[in-house]
Amino acid sequence: MGEGRMLKRIKNPVSRRRIQNFIGNRRAYISLYVFLTLFIIGLLAELVANDKPILVSFQGKLHFPVFKAYLETDFGGDFEIETEYHDPYIRGLIEENGWMLWPVIRFRYDTIDYELDVPAPAPPSRTHLLGTDDGGHDVAALILYGFRVSVLFGIVLTIFSTIIGVTAGAVQGYFGGLLDLIFQRFIEMWSSLPALYLIIIITSIIQPTFGLLLVVLLLFRWLSLVGVVRAEFLRVRNFEFVKAARALGVSNRTIIFRHILPNAMVSTFTFLPFILNGSIIALTSLDFLGLGLPPGSPSLGRLLAQGKANLQAPWLGITSFVVISVMLSLLVFIGEGIRDAFDPRRQLG
Amino acid sequence: MNLLRVRGLEVSFRMGEGEVPAVRGISFDIEKGEAFALVGESGAGKSVTALSVMSLLPPKKAIGPSGSILFRGKELVGAPEEEIRKIRGEGIGMIFQEPMTSLNPLHTVEKQISESLLLYAEHSRDEARAQTIELLKIVRLPDAEQRLSSYPHQLSGGQRQRVMIAMALANEPELLIADEPTTALDVTIQAEILELLKDLQQRFDMSLFLITHDLNIVRRMADRVGVMRNGEIVETGDVERIFSDPGHEYTRYLLESEPKGTPGFETGERNIVVRSENLKVYFPVYRGILRRVKGYVKAVDGITVEVKEGRTVGLVGESGSGKTTFGLALLRLVSSSGSILYEGRELQGLKSRRVRPLRREMQVVFQDPYESLNPRLTVGQIVDEGLRAHRIGRTSDERLRLIEEVLDEVGLKPSYIHRYPHEFSGGERQRISIARALVLRPRFLVLDEPTSALDRSIQTQIIDLLLQLQKRHNLAYLFISHDLRVVRALSHEIVVIREGVVVEQGETREIFKNPKHSYTKTLIKAAFELESGEKKSDYY
């Protein structure tokens, strides 16, 4: 599997032991593989679930509808509009003069299937493996795109809140004293603000978008890491090698980035998967309450809400429940693996 | 019949995929009423042996013990847990090295001791209490009755060790195992605890199984000794015979590695490199709701010291005496009041930006070679750090050359540059620390107990290295230590401090020959009394 070769390239003994420990933890390692696979599929969602074919051969020429918009006239149609490949007339035209390669799922998250034989939400069938929601959208496509949005949102939110949280914690922990005191009081006040109400108020004034939600959630989520990083800095700054560095005349910046931060990042890393989890849950719950992403965007929370509104269509609720819980469980397993791998007391085997 | 009879004892530890042998088939006997010592350097397998006798090896990591351990003729290896527990409670008592961690911090002294009384001897509560007081009196803990309700953190290190001993004695064991019982204690307290152990052993006709790295303790305490190296006993015999006529070369090597000699004596004018005048470090104590300063802990209370070129000042004191704080204050790593003159230049009040260039010339080597090197950096990066901070060496090739040069100078191979600290032994790590300081070509070095975490034989090597470097570079040393024997080997002058105040100060020879203050006398007595071979006049 090349694990051995990869390990040999990492010279730092601490990192090497951690990676060994992580790989030794089968559940976490497999979870990471599964999660990465799902995530990559999610990133390529346009190729997996789309209402346009990936490849069209028309009169001997290749077309790539996923990447480029073609007019119906290009395929011998009558209107100068973007081609509607589900239209039986167009389909007929193309298949007469060539062929089409469709994605696995022939619908996007916002494609409305007008050819349903039953009123939406339609139960699982040959065309819609997981059924449709009450707007006639394919559930499988919704899940795929929703998963991507959730994870991306979670990752971006995690990255930003980590950067802010680590910086704030580092400054407090390293310099200590009055600065620390004032900062701590500010954080106490800030964290006692009722976050949910603020979000409700803000989203009722401005139409929420991906970016706005990110900023609003970031306002509160950066707090989670400050305490940990601050405590780590307070601890590590008393280590003798830090004293030695100060005695060498090394600047504060270098000490922070070279000596303390890498040691403090240990606990930060163990928190990351859980923060990611929390971020995903935050978005999902806002969507579920209808305060999240604008209508029409793919969202697991919105699907969950639909499941609740359409109890007669259990496939909605069940699918979204399974997807959300599998996703969160995978992240928790990965998180546990990382936490254990970073635990200095745990040896291999 | 022997009280304890060990035959072919073997223990290994699981490490990753492989096994590392810790004890490789050792055999020894302990007679009734006898004091037997196992002596050896760290990693020799002494403690593992003691733990095997108590069946206290970590079950998941340890393989074994195999072989035979007979106590009162009963086999302990493979005996059922129930039986071993009974022997642990009644037959064998054990004292551990670290009195800080071997007592439960949440239990009172009474609870710690009476626990085993109530468990094994089926005493009533009142009886147990009376006996606990009795035990505390036996171990000479002052105010035994009042101490019953004390918690471990309210006791000093020596007192804790006494409580530990009382616990071990509670059920009148026939065999007392003492695993480095005094290593974590100050010299004066060490002497008291050893005396107590010796007394108790004779009074109760116990056998004593002593584990130590210190040959002087062996000489003072034991009847017979086994010398251990790499999991094997290389030599066993009567203490007197071993010391006067060691049979094995390793025993001779151990005996020879006691720090000896002195740095020589010379007069003649030398430049003063660093001078502190009435240096004080006070830590404020905050009290009350408003956290107002209600007093100060006077860590360093007015110390005046001069360190000259090419000379060493030994700063001696017991733990908590403020010696490390003083060293850090001299380097302005701790804020202080009073005056610090470096080459006649006042350092107090200088902006830290202005101090930074001076850091190049004033360096420090810390005590713990495991904590003072960042585990994530290679040796090269560690030594390079100071060069970068002071922009020495314009190109990386030039810096590389400087690093290789300094590694060679401290006795390390230049090829070690890409290795990480964990690949080195304690002594080698300490050499890396010295290289880190030395690469800047300082003029003044604070050596904060650089040898106390090391084995005796390694200590001697490091001392030799320090002496060599001093001569070659005309370095001024401030050598901080609690170990008078090491101080004597290195220092031209000695400053004895207690509770932040100088007790006595002067030429090393003068102080050892003719100590004036009673505290100095106690220190010297405690440190050298153990060396029964030396007479008082031979201290220097």
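In which sense do strand β3 (residues 35-39) of chain B and β9(B) pair, and over how many bridges? The two pair in the parallel sense over four bridges, with Ala37(B) opposite Val225(B). This is a predicted model, in which local features need pLDDT of at least 70, side-chain atom pairs count only at pLDDT 80 or more, and totals for chains, interfaces and linings use all residues. Residues are numbered from 1 along each chain as its sequence is written, while chains are lettered from A and ligands numbered from 1 in the order written. Strands (E, at least two residues) and helices (H or I, at least four) are DSSP runs numbered from the N terminus; two strands pair if DSSP finds at least two bridges between them.

On to β10 (residues 232-238) of chain B: six bridges join this strand to β9(B), and the two run antiparallel. Arg229(B) sits opposite Glu232(B). As for cover, five of the six residues of β9 (224-229) in chain B are buried (20 or more other C-beta atoms within 10 Å of the residue's own, C-beta atoms being placed from the backbone).

Chain B also has an open sheet of six strands, ordered β16-β17-β18-β13-β19-β20, with mixed pairing. β16 (362-365) and β20 (501-507) of chain B are at the edges with a single partner strand each, so one side of each lacks a neighbour in the sheet. Within the sheet, β13 (residues 312-316) and β18 (residues 476-481) of chain B run parallel, joined by five bridges, and Val316(B) faces Ser481(B) across that pairing.

Technical notes: A residue is buried if 20 or more other C-beta atoms lie within 10 Å of its own, exposed if 12 or fewer, and partly exposed in between; C-beta atoms are placed from the backbone.
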